[in-house]
Amino acid sequence: MKLTPLGNTGIQVPSIVFGTSALGNLFTALKPSEKEAIVKESIRYTQPQTFFDSAGKYGAGLALESLGNALNALDVPKDQVVVSNKLGWVRTPLVGDEPQFEKGVWRDLKHDAVQKISYDGILECFEEGNELLQGYSTQLASVHDPDEYLAKATTAEEEKALFEDILEAYRALEDLKKKGLVKGIGVGAKDWKVIPRIYEHIKLDWVMFANSMTIISHPKELLQFMKKLSDDGVGILNSAVFQSGFLVGGDYYDYQLIKPDSPENKARFEWRERFFALCKEFEIPPAHACVQFGLSAPGVACVALSTSEPAKVKRNVEATEKALPAEFWAEMHNRGLLKEYSPL
């Protein structure tokens, strides 16, 4: 597979970064053999370099542990794997029947997790993550969902204190980079407007936008910021390009269940109906169009995709590699389905 530089990190990445939430038993508990099969297929279709995105929050460390188990079982050379670890959560003992950090989401966990956004907390998260990877290591590190952390604030003073926690967490990441323990520090967020705020204080090496730069929603301000990041040599990853599954037929948009019961939501359903019709005309799966659009955005090196089914890994990889005809994008534009940006 063709590799692309991720900003100035010195790391070459394929066009797909594999999300690992399924390895942490998100919504369903996979067997160890199924998890190993997912990792095996991921390695198979992205040689000579495979890129995984994980987090201590995923299954209270189970995703990292399962990834380490699979990589060791498959005897994958360490120089053929890149791991990005979103830091901010560490394991704690499980008390009761289910974890308390995200109820109803994870299955069959043996640990709980607690959030630690601070200088020492991030160092603890980093060390635990590498232990769970069992011989493999984190090359790219970030603070997990700083936007959600800030959203907990109920007053301006509390929000200011939480932002100081985030800056302290990044001071820890900067020290890890200075010591050569990671090759790049970054940020990922669903609310992309938090990222420029952090970027004012921290020299980021890479950025992951989630649920932000999609075929249905691509604000001009975001495009301008992405262009600035690219010009600055910051690597960009694009994730959640299906708008929480809505763009491929799901009922959730921005992680919220929606119905066509308001002018805004009605417009979204109407847009999707016209989008599906055009995809059918060109015999293009809607998911493929979403992935290719996400890849085409300014400065994007790769798109993050996840699956709990080994057989779907190949399909996901192909969606990032196979370009779509210019005529399709032209028609998207002609029918008013693209707003501020076109891949043409």
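Trainee: Which residue of β14 does I236 stand opposite?

Mentor: I236 stands opposite V300. Keep in mind that this is a predicted model. Now place that pair. Strand β11 covers residues 235-239 and strand β14 covers residues 300-305. Three bridges join the two strands.

Trainee: Do β11 and β14 run parallel or antiparallel?

Mentor: General idea: strands of a sheet pair through backbone hydrogen bonds, in either a parallel or an antiparallel way. Here β11 and β14 run parallel.

Trainee: What do the eight strands close into, and in which order?

Mentor: They close into a barrel. Follow the order β3-β4-β5-β8-β9-β10-β11-β14. The pairing is parallel. Neighbouring strands are turned against each other by 25° on average, direction ignored.

Trainee: Which strands does helix α2 touch?

Mentor: Helix α2, residues 62-73, packs on the sheet and touches β4 (50-55) and β5 (81-87). Then read the angle. The direction of α2 makes about 150° with that of β4.

Trainee: Where does helix α10 lie?

Mentor: Helix α10, residues 313-321, lies across β3 (16-19) and β14. It runs at about 145° to β3.

Trainee: Which residues of α10 are buried?

Mentor: Buried means under 20% relative accessible area. In α10 that applies to V313, N316, V317, A319 and T320. Look down the axis of α10: the buried residues fall within an arc of 155°, so they line one face of the helix.

Trainee: What covers the buried residues of α10?

Mentor: The cover includes β3, α1 (32-46), α9 (286-296) and β14.

Trainee: Let us move to the whole chain. How many helices and strands does the protein chain have?

Mentor: The chain has 11 helices and 14 strands. Its radius of gyration is 20 Å, close to the 20 Å that the globule rule gives for 344 residues, so the chain is as compact as a globular protein of that length. Along its principal axes, the C-alpha trace spans about 55 × 50 × 45 Å.

Trainee: What percentage of the 344 residues is buried?

Mentor: Buried residues make up 52% of them.

Trainee: What does the UniProt annotation cover?

Mentor: The unreviewed UniProt entry gives "domain: NADP-dependent oxidoreductase" for residues 16-332. That span is 43% helix and 18% strand. Its end C-alpha atoms lie 24 Å apart.

Trainee: Now the backbone. Which residues does a cis peptide bond join?

Mentor: General idea: most peptide bonds are trans, and most residues other than glycine have a negative phi. Here a cis peptide bond joins Q47 and P48, with omega about 15°. P48 is found in the loop between α1 and β4.

Trainee: What is phi of Q134, and where is that residue?

Mentor: Phi of Q134 is near 55°, a positive value in a residue other than glycine. Q134 sits in the loop between α3 (119-133) and β8 (140-143). Q134 is partly exposed, with a relative accessible area of 34%.

Trainee: What is phi of A240?

Mentor: Phi of A240 is near 55°, again positive in a residue other than glycine. A240 belongs to the loop between β11 and β12 (252-253). At 24% relative accessibility, A240 counts as partly exposed.

Conventions:
Residues are numbered from 1 along each chain as its sequence is written. This is a predicted model: local features need pLDDT of at least 70, side-chain atom pairs count only at pLDDT 80 or more; totals for chains, interfaces and linings use all residues. Side-chain values use heavy atoms; hydrogens and water are left out. Two strands pair if DSSP finds at least two bridges between them. Helices (H or I, at least four residues) and strands (E, at least two) are DSSP runs, numbered from the N terminus. Axes are lines fitted to C-alpha atoms, for helices over the stretch in contact, and angles run from 0 to 180 degrees between N-to-C directions. Contact means heavy atoms within 4.5 Å. UniProt positions are given in the numbering used here, feature names are shortened, and annotations may be inferred rather than shown by experiment. Buried means under 20% relative accessible area, exposed over 50%, partly exposed in between (1.4 Å probe, protein chains only). The arc is that of the directions from the helix axis to the C-beta atoms. The radius of gyration is taken over C-alpha atoms; the globule rule is 2.2 Å times the number of residues to the power 0.38.
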